[in-house]
Amino acid sequence: MSESAPLAITYREACKQALRQALVEDSRVFLMGEDIGRYGGCYAVTKGLLEEFGDERIRDAPLSESAFVGAGIGAAMTGMRPIIEIMTVNFSLLALDQIVNSAVTIPYMSGGQFAVPLVIRMATGGGRRVAAQHSHSLEGWYAHIPGLRVLTPATIDDARYMLLAALVEPNPTLIFEHVMLYNMEGVLTPGVTSVDIDHAAIRRPGRDVSLITYGGGLFKTLDAAETLAKEGIEAEVLDLRTLRPLDSDAILASVSKTRRCVIIDEAWRSGSISAEIGMRIVEGAFFELDAPLRRVCGREVPMPYAAHLEDACLPQRDAIVAAARDLVRPT
């Protein structure tokens, strides 16, 4: 009898399985956020967990990001393992003071007497036609802040296991889940029960140009690499996975091999994580480069509602292909 094929699951289901495992294995874990209970979360990641674990561990919160993030910080300091859900990264700005001035600083200002093992999940990115207050990519802002760990799972395996790695961290960790990945289907890698959150991953090896990206940009970039391959250009696709701390060694190793680089980032170009990556390449591998660095970033405007305008504001496959092609075969 042949073995049955592994079942495909969605990115959303992978996130839910991770939450469920955390709740089962550690009684200190609880979830808190707006509409995560009876409604199941605005992206349905927590649907069904209230019925399974009860309202002591699946806590619906009112529209008060600063208040429930602050409550999570207090709970973390007293030995609990809270997982906070913020509907979208735009709303996290209402809790910025709690994250930056409390969660991050307390471990330092207390001389290490207090840790804040808090995990905050939030949706990020555009593509769902929900306009400017629900569609931006601000994870690069958080990657600016020392004391935070910033994770950007793109694959099914990373969505399934990054949360569990984050819960082991002694200090606050932010997980950014791109909204366009929730419906993506894939198969968990057999035998994998954990993932590394310290290192980037090469998702496609190549020799001619490095395409560096993360999160929602990964699959557009892989698609672009497929197109380039048909033209005889072998692009290496590096998935950063963690924006803070950045895996500089992986970035420099890839660029030193291919000698050309395009950075793909859905966020605004000015002051972005792509700018930080570019500067690290200049500092560490300038003399390895055979061509200037290129970036394919989001347009520097508030995200439009209209579909054709939103598409025009986001990095797309053809723009990635054009940037890479121009580096390898300049006209």
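Let's start with charge. This chain carries 32 positive and 42 negative charges. How far apart are their mean positions? They are 3 Å apart. Keep in mind that we are looking at a predicted model.

Now the overall build. The chain has twelve helices and 14 strands. Its radius of gyration is 20 Å, and the globule rule gives 20 Å for 331 residues, so the chain is as compact as a globular protein of that length. Along the principal axes, the C-alpha atoms fill a box of roughly 60 × 60 × 40 Å.

Of the 331 residues, 55% count as buried. The accessible surface comes to about 14,700 Å². Carbon and sulfur atoms account for 54% of that surface.

What about contacts? Take those between residues at least 6 apart in sequence. Of these, 81% join residues at least 24 apart.

Where does D326 sit? In helix α12, which covers residues 317-328.

Who are its partners? Set aside the neighbours within four places in sequence, and D326 is in contact with R294 and T331. One more distance, this time to A291. D326 and A291 are 35 residues apart along the chain. Their C-alpha atoms are separated by 9.7 Å.

That's the tour. Over to you.

Technical notes
Residues are numbered from 1 along each chain as its sequence is written. This is a predicted model: local features need pLDDT of at least 70, side-chain atom pairs count only at pLDDT 80 or more; totals for chains, interfaces and linings use all residues. Side-chain values use heavy atoms; hydrogens and water are left out. Helices (H or I, at least four residues) and strands (E, at least two) are DSSP runs, numbered from the N terminus. The radius of gyration is taken over C-alpha atoms; the globule rule is 2.2 Å times the number of residues to the power 0.38. Buried means under 20% relative accessible area, exposed over 50%, partly exposed in between (1.4 Å probe, protein chains only). Contact means heavy atoms within 4.5 Å. Accessible areas come from the Shrake-Rupley method with a 1.4 Å probe; for residues, only the protein chains shown count as cover. Lys and Arg count as positive and Asp and Glu as negative; His and the chain ends are not counted. The place of a charge is taken as NZ of Lys, CZ of Arg, CG of Asp or CD of Glu.
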